[in-house]
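User: Hello! I am new to this structure and would like to learn how to read it. Could you guide me step by step?

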Protein chains: 2
Amino acid sequence: MTAADLARVRDWMTGLQSRIVAALEAVDGGRFGTDSWLREAEFGGVSRVLEGGAAIERGAVLFSDVAVAQMPPSASARRPELAGRSARAMGVSLVIHPRNPYAPTVHLNVRFFLAGPSNLGNDDCWWFGGGMDLTPVYPFEEDVIAFHRHCKQALEPFGDQWHPRFKRWCDEYFFLPHRNEARGVGGLFFDDLGEPGFETSFAMTQAVGEAFVPAYVPILARRKDHHWGERERAFQLLRRGRYVEFNLLYDRGTVFGLKSGGRAESSLCSMPAEAHWRYDWHPEPGSPEARLYSDFLPARDWV
Amino acid sequence: MTAADLARVRDWMTGLQSRIVAALEAVDGGRFGTDSWLREAEFGGVSRVLEGGAAIERGAVLFSDVAVAQMPPSASARRPELAGRSARAMGVSLVIHPRNPYAPTVHLNVRFFLAGPSNLGNDDCWWFGGGMDLTPVYPFEEDVIAFHRHCKQALEPFGDQWHPRFKRWCDEYFFLPHRNEARGVGGLFFDDLGEPGFETSFAMTQAVGEAFVPAYVPILARRKDHHWGERERAFQLLRRGRYVEFNLLYDRGTVFGLKSGGRAESSLCSMPAEAHWRYDWHPEPGSPEARLYSDFLPARDWV
């Protein structure tokens, strides 16, 4: 782990952010705003945010590179011994909430942590994490299969063991225990990736990040003009209430970001523009809304 | 503490729920639905919920009486030694989100905990808690003063020391650190109330609960037909996003209820029907929206 390695990770991440924004703008037709911010002299981030687009109701693609004075427990659930140490954290994080209820919400994150007092030089104390997952309202089976296929293909060059593991991890992580229901149809989630060595771990993280555009953008392009009406909008807004519940109650990054004095606007970029709640709402049996719960949310193998 | 005392607390709480519902129905013109639920043989609750009323967009007045197998840390921040013990918990809890942006959201809670393996007989291990607080969007100073005056008057018969203490506790509790901003204009909050003895503690809790109708219902009646337009609605929905943030990130009852396997629909009754988020939104200087932040949210003495 050298300073040059750190720069490579950073350069890849800022490039990924630009490529993703460009691909999303091409589909939406609108432009993501740019909000650069600094925390201390050398660290900071660039938030790219689009609100009120033709296809994207609210979406944000964030890059940040921050010095962490005290490593949060959330940074590494598997390495509690590092809690409290200083660290450097870099990442790209996005959530896209499309306007059309037939176009799924999507989330991507890739991140790199380097722990230790020196912030450099201790090879034992760095790791990658990330993943992406899809949260449809009215799902198309072909979209879900295509998304998972891209997830699988991204990891295939590194061996057959990774995809099942990261897929299951995703199903377990994006789950609302209080509703006993998945946030969406999953994808990939991984953390503490370092065991294959720096080059391979970085390459795997790059593969996941670069898989985002081919995995998601065609789905958005296909569904953004699908006919929808009030019924679909109403269900979409209730489902977005669940998204809010997950992120504010359980999502490690969001909760830590907000409770640790992080930049609140960045942490809250994952919120939808609008969310609804209704008391004890249940879909009508046999309805398209019920199909989401019966056929899509329970974890299953899609590829 | 006898079984008869427990029954008195319960009877008062169910009566309070009915009186509050009747007073709110009289202003709204609509009817609260009734949803009775049981958990185990003898414990359960009654949820009274009104959605889509003329004055009340979404509101719920809940009574519950539950056996708690393991006391949560949230039940008594001051008595950590009780965490893990069995307990009985009774309470009335309400949140009313009016439709009109000039009518404030309000929250009330009164609760009684009895801790211990036997659930009865240990005089050291019971306490009352509760309070009420107001969350206006476009506040009227006279409403805020009247609300705080009722809060103060409710506690005056018990001595001058209580109101300042419970008022400050409320300001401290209903605060969003990630936004460095109060949830609303406060009111009362108390917990672990037992030191004055059972009769006085119960009487104080009753005084707070019974103050709700005179403190709030006239405000709702006064403001429910105030003229409003899209601008006011937009700001109301952003403010409701903050309400969601507070309840899912910080509110002890909500977070514990959802994470402990409690009844999710009850815990989520405090959610508004609708909430909005926008990136890095700030009110225009000098606007009525800015006045909320400058003149009302910073904690101050209202009476």
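Analyst: Happy to. Buried area is the accessible area (1.4 Å probe) that two parts lose on being put together, summed over both. The size of an interface is often given as the accessible area lost when the parts come together. Here, chain A and chain B bury about 2800 Å² between them, with 59% of it on carbon and sulfur atoms. On the chain A side, Leu249(A), Trp277(A) and Tyr279(A) lose the most area to chain B, together 29% of what that side buries.

Before we go on, a note on the model: it is predicted, so local features need pLDDT of at least 70 and side-chain atom pairs count only at pLDDT 80 or more, while totals for chains, interfaces and linings use all residues. Residues are numbered from 1 along each chain as its sequence is written, chains are lettered from A and ligands numbered from 1 in the order in which they are written, and side-chain values use heavy atoms, leaving out hydrogens and water.

User: How many residues does each chain bring to the contact?

Analyst: Contact means heavy atoms within 4.5 Å. By that rule, 30 residues come from chain A and 30 residues from chain B.

User: How many residue pairs are in polar contact across the interface of chain A and chain B, and which elements of chain A take part?

Analyst: A polar contact is a pair of N or O atoms within 3.5 Å; within protein, one must be able to donate a hydrogen and the other to accept it, and residues adjacent in sequence count only if both atoms are side-chain atoms. Across this interface there are 15 such residue pairs, both residues being at pLDDT 80 or more. For the elements, helices (H or I, at least four residues) and strands (E, at least two) are DSSP runs, numbered from the N terminus. Those giving two or more residues to the side of chain A that touches chain B are β2 (43-51), α5 (230-249), α6 (252-259), α7 (264-267) and β10 (274-276) of chain A. The most comes from α5(A), with 4 residues.

User: How do the β10 strands of the two chains run?

Analyst: Two strands pair if DSSP finds at least two bridges between them. In this case 3 bridges join β10(A) to β10 (residues 274-276) of chain B, and the strands run antiparallel. Within this pairing, His276(A) stands opposite Glu274(B).

User: What about salt bridges?

Analyst: Side chains of opposite charge can pair when their charged atoms come close. The rule asks for a side-chain nitrogen of Lys or Arg within 4 Å of a carboxyl oxygen of Asp or Glu. It finds 54 salt bridges over all chains, and 2 between chain A and chain B. Glu265(B) forms a salt bridge with Arg179(A), their closest N and O atoms being 3.5 Å apart. In chain B, Arg179(B) forms a salt bridge with Glu245(B), at 2.8 Å. That pair links distant parts of the chain, 66 residues apart: Arg179(B) is in the loop between β7 (175-176) and β8 (181-182), and Glu245(B) is in helix α5 (residues 230-249).

User: Are Arg179(B) and Glu245(B) buried or exposed?

Analyst: Buried means under 20% relative accessible area, exposed over 50%, and partly exposed in between (1.4 Å probe, protein chains only). Both Arg179(B) and Glu245(B) are buried. Arg58(A), in strand β3 (residues 56-68) of chain A, is buried too, with a relative accessible area of 2%. Its side chain reaches the backbone oxygen of Leu268(A) at 3.3 Å.
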